Amino acid sequence: MSRGLVELGLILLAEACSDVSLKALAEIPVGRRDALIFKLREKTFGPRIVGLSTCPACHEQIELRINVADILQERGSNYPQTMTIDHQGYKVAFRLPSSSDLLIATAGGNLEAAYHCLIERCVLSAYFCKQRISASDLPVDVIDLMAEMMQQSDPTADVQMNITCSFCGHQWDQTFDIIWFFGKEIDSWAHRAMREVNDLARAYGWSEAEILSLSPLRRQHYLEIINSERAN
């Protein structure tokens with residue numbers, strides 16, 4: 001995840017948890033953060049998510065429909081504070097990554113450096129044959145086990161969708177990033193609202209505040225009147 005998306009995630013999280021300090025929100029595990037953002041998205045735009053994906057085989061666009069409740073129900077809300085691995089002489093205690101970890105890890109812009117930084121931040125202690133070692137000394141198979149346990153303990157951090165193309169039958173897995181998607185929805189809504197304000201202000205001479213004080217349904221009715229008059 002890019003640094004910009006991590007920052008956007010914190011902005012959205014602050015909206016969902018206005019009574020919690022930004023510093024505390026930055027320490028919430030990534031999956032827990034995304035679960036809260038899913039709930040905020042549900043509250044803002046409704047329980048269903050509709051999007052598009054392009055089939056990598058035939059390149060046709062596929063419509064995707066997701067129920068927020070299904071995603072959250074499948075993943076639960078059990079987020080352990082600490083996890084441990086005891087594997088072939090290695091004993092490691094580690095925790096789930098947070099937004100704070102991601103911000104620090106992505107500060108340099110180098111993917112490999114970010115990967116190692118994230119491991120070092122999440123490892124609380126590491127031993128090999130009872131001798132303390134650094135996180136950088138851990139072998140790949142131990143790190144892979146850590147990643148697997150993280151995924152099992154915090155599954156909302158990596159939402160994978162199994163998609164079947166309705167045109168050619170090709171199947172593939174695709175990551176669904178709620179922060180990126182929700183951000184695009186908000187951007188689209190903001191541009192649409194600005195166009196509505198512009199049209200209504202031109203037609204009726206109302207101020208922006210007056211237009212935005214109208215319910216979406218009333219604004220839509222006035223816009224339909226304007227469009228009907230234009231058509232005639």
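Okay, so let me start with what counts as paired: two strands pair if DSSP finds at least two bridges between them. Helices (H or I, at least four residues) and strands (E, at least two) are DSSP runs, numbered from the N terminus. One heads-up, this is a predicted model, where local features need pLDDT of at least 70, side-chain atom pairs count only at pLDDT 80 or more, and totals for chains, interfaces and linings use all residues. Residues are numbered from 1 along each chain as its sequence is written, and side-chain values use heavy atoms, with hydrogens and water left out.

E3 pairs with E4, residues 90-94, through five bridges in the antiparallel sense, and Met 83 sits opposite Phe 94 in E4.

On to salt bridges, meaning a side-chain nitrogen of Lys or Arg within 4 Å of a carboxyl oxygen of Asp or Glu. How many do we get by this rule? Eight. Let me pick out a few.

For burial, I'm using relative accessible area: buried is under 20%, exposed is over 50%, partly exposed is in between, with a 1.4 Å probe and protein chains only.

Arg 95 and Asp 101 meet at 2.7 Å, N to O. Is Asp 101 buried or exposed? Buried, at 0%, while Arg 95 is partly exposed at 21%. Those two are also linked with Arg 121 in a salt-bridge network.

Next, Arg 230 with Asp 199, closest N and O atoms 3.7 Å apart. Arg 230 is in H10 (216-231) and Asp 199 in H8 (178-204), so this pair ties together parts 31 residues apart in sequence. Arg 230 is exposed at 53%; Asp 199 is partly exposed at 21%.

Last one: Glu 7 and Arg 3, at 3.6 Å. Both lie in H1 (3-16), four residues apart, about one turn of the helix. Glu 7 is partly exposed at 38%, and Arg 3 is partly exposed at 35%.
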